[in-house]
Amino acid sequence: MAEAKKKGGLKNWWTGLKAEFSKIIWPTKASIIKQTVVVVIVTVIMGVLIGMIDQVVQFGLTNIMK
């Protein structure tokens with residue numbers, strides 16, 4: 001009896017999994033490209049800003065230490 005319940009449970013789980021996968025809305029290739037470009041641009045901008053802030057802080061600390 002317990003074995004039958006396990007098999008039915010696995011079958012129900014698999015059926016539910018397939019049903020959930022059918023609900024997924026996969027992004028289009030164009031959407032992925034746009035989002036990737038935005039992420040790269042924002043990353044570059046943030047890197048430049050962090051680098052500028054680092055240079056300003058380093059310059060300030062160098063002047064304070066003199």
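**Close-ups of a predicted model**

**View 1. The aromatic pair.** Searching the whole structure turns up 1 aromatic pair (Phe, Tyr and Trp rings, using the six-membered ring for Trp, with centres within 6.5 Å). Here Trp-13 and Trp-14 sit 6.0 Å centre to centre with 45° between the planes, a tilted pair (stacked is under 30 degrees, edge-to-face over 60, tilted the rest). Trp-14 is partly exposed at 47% relative accessible area (buried is under 20%, exposed over 50%, partly exposed in between, with a 1.4 Å probe and protein chains only).

This is a predicted model, so local features need pLDDT of at least 70 and side-chain atom pairs pLDDT 80 or more, while totals for chains, interfaces and linings use all residues. Numbering starts from 1 along each chain as its sequence is written, and side-chain values use heavy atoms, leaving out hydrogens and water.

**View 2. The salt bridge.** A whole-structure search finds 1 salt bridge (a Lys or Arg side-chain nitrogen within 4 Å of an Asp or Glu carboxyl oxygen). It links Glu-20 to Lys-23, with the closest N and O atoms 3.3 Å apart. Both residues belong to helix 1 (residues 2-23), 3 residues apart, or about one turn (helices are DSSP runs of H or I, at least four residues; strands are E, at least two; numbered from the N terminus). Glu-20 is partly exposed at 46% relative accessibility, while Lys-23 is exposed at 58%.

**View 3. The chain as a whole.** Zooming out, there are 2 helices and 0 strands. Buried residues account for 0% of the 66 in the chain. Its accessible surface is about 6500 Å², 74% of it from carbon and sulfur atoms (Shrake-Rupley method, 1.4 Å probe; for residues, only the protein chains shown count as cover).
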